[in-house]
Amino acid sequence: MVKVVGKILDSALGPQVIEFHEALSGERGLQQAQELKPDIVMCDIHMPGINGFEFCKKIRQSGLPATVILMSAYDESEDYAIQAKEVGADAFLTKPIKKGELLFAVNFILRIDHLNETVLGKNQELQEDQRRLRDNLKDIMRMNSQLESQNDRISSMNRELEERFDSTAGLLTNIIELNQSQHRGHSERVAEIAVFIGQKMGLSGDSVQNLKTAARLHELGIVSLPRDESVEDALDESKSRLYTSHPLVAEMLLKGFPGLEPVAELIRHMHENVDGSGKPDGLAGEQIPLGSRIISVSSFYDHYRVAHPDSSVSEVLKQVEKQNGKWFDENVISLISEYARSQSPADNAKVISCSVFALKEGMELASDIYSESGINLLRQGTVLDLDMVNKILKFNNVDSVVGPVKVKP
Ligand SMILES: [Fe+2]
């Protein structure tokens, strides 16, 4: 049978397709299979030594990937095909072997092998692509992480620059207010009001920042005025708008600093009136930069409150309203009213004035604390602790604290 099978395959497929080896016992067959690693193993069930089922089991146990075809004569009493399947055979042929059946089975197996090889090749290509993708992904993640750490460094440098700029602006504000004992804290309060209005009007982050800086420095030009009544005039918005030109001095000082040009521009126009009667360019309505219109109303509101401490908020707002359509923009006026209302009357009612010696741990400052020489000791909103109270008392011996101090107990 071995000879017959060999002849059929050789004549049908030829030596380019199939290489045929024969073994005349199961044991010899196993040995050859280990050496030759064939694609297909065919064997009879009845052989000298171990039978075909045993042989098939051992092939499977050895891990060889060969396809196994078992063959046997037809036997009515035994279903060899089922047993062949149970021991792991891939096909079963009954004898006498028919040339067509044998070639059909072998061709089928060769085609499956070819397909397997193709799939294997494709799989390898896919695995190679996946490996390249993984490498690319790793590169991208590495670059991302480098970019993130660079971004972190830039953000931290930006924060540091912003903090330095903020403290420089604070220093300038203190210098501006040195000779303004009655109006100390005005610049910071105007900045707070202006930022409230700017944010309500939907200004961008940069515009709000410029507005805040311009509000803090809007009286920078007053430093240039002689220390006489002209300073008091400059602090009275009604006179200041008519006679003084300190906004132009501030503009001149600021516009030389890179990045502060927009701030200088806002201060230049803060005394323009919406009816066109203001200084220095006689701009009207929306020709006046919005930030300038906001600072204009905010500064007037705060100066008036300071100059008329007994006036209620609604009385101050009435004074603002008088200039609606003349000096001030209607929309800005409605928002400063909203700001004034947002300062809870209940909170204001809780504020008490006391001497510096009555300050206690746990009190919240309702206004900034300044010394006689103009040093800003503590900001509004600070909650006092024991250490702060002691430091203020010691400082008071050297440079008296301007009193009384406003606190929320
Ligand atoms: Fe002002």
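**Salt bridges, a helix and aromatic pairs**

Reader: Which residue meets the side chain of Lys 3 in a salt bridge?
Author: The side chain of Lys 3 takes part in a salt bridge with an N to O distance of 3.0 Å, in what is a predicted model. The pair links distant parts of the chain, 19 residues apart, with Lys 3 in helix H1 (residues 2-13) and its partner in the loop between H1 and H2. That partner is Glu 22.

Reader: Is Lys 3 buried or exposed?
Author: A residue counts as exposed when its relative accessible area is over 50%. Glu 22, at 33% relative accessibility, is therefore partly exposed. Lys 3 has a relative accessibility of 60%, so Lys 3 counts as exposed.

Reader: What separates Asp 135 from Arg 131 along helix H5?
Author: Asp 135 and Arg 131 form a salt bridge whose closest N and O atoms are 3.0 Å apart. Asp 135 is partly exposed at 31% relative accessibility, and Arg 131 is partly exposed at 37%. Because the two lie four residues apart in helix H5 (residues 99-176), what separates them is about one helical turn.

Reader: Which residues are linked with Asp 135 in a network of salt bridges?
Author: The structure has a count of 20 salt bridges, and one of them is the bridge between Asp 135 and Arg 131. Asp 135 belongs to a network of salt bridges, in which it is linked with Glu 128, Asp 129, Arg 131 and Arg 132.

Reader: Is Asp 329 buried or exposed?
Author: Asp 329 forms a salt bridge with Arg 293, and the closest N and O atoms are 2.6 Å apart. This pair links distant parts of the chain, with Arg 293 in helix H12 (residues 290-307) and Asp 329 in the loop between helix H13 (313-322) and helix H14 (330-342). Buried means under 20% relative accessible area. Arg 293 is buried at 10% relative accessibility, and Asp 329, at 10%, also counts as buried.

Reader: Where do the buried residues of helix H3 lie around its axis?
Author: The buried residues of helix H3 (residues 52-62) are Gly 52, Phe 53, Phe 55, Cys 56 and Ile 59. They cover an arc of only 160 degrees around the axis, which means that they lie on the same side of H3.

Reader: Which elements do the buried residues of H3 pack against?
Author: At the start of H3, a side-chain oxygen of Asn 51 comes to within 3.1 Å of the backbone nitrogen of Phe 53. After H3 comes Gly 63, with a positive phi near 85 degrees. The elements that the buried residues of H3 pack against are helix H2 (26-36), strand S1 (40-44), strand S2 (67-73) and helix H4 (80-86).

Reader: What is the arrangement of the rings of Phe 300 and Tyr 304?
Author: Phe 300, at 6% relative accessibility, counts as buried. Phe 300 and Tyr 304 are four residues apart in helix H12, and so about one helical turn separates them. Their ring centres are 6.0 Å apart and their planes lie at 20 degrees, so the pair is stacked.

Key:
Residues numbered from 1 in each chain as written. Predicted model: local features only at pLDDT ≥ 70, side-chain atom pairs only at ≥ 80, totals over all residues. Heavy atoms only, no water. Buried < 20%, exposed > 50% of the residue type's maximum accessible area, 1.4 Å probe, protein only. Arc of directions from axis to C-beta. Contact = heavy atoms within 4.5 Å. Polar contact = N/O pair within 3.5 Å; in protein donor to acceptor, adjacent residues only side chain to side chain. Salt bridge = Lys/Arg side-chain N within 4 Å of Asp/Glu carboxyl O. Phe/Tyr/Trp six-rings, centres within 6.5 Å; stacked < 30°, edge-to-face > 60°.
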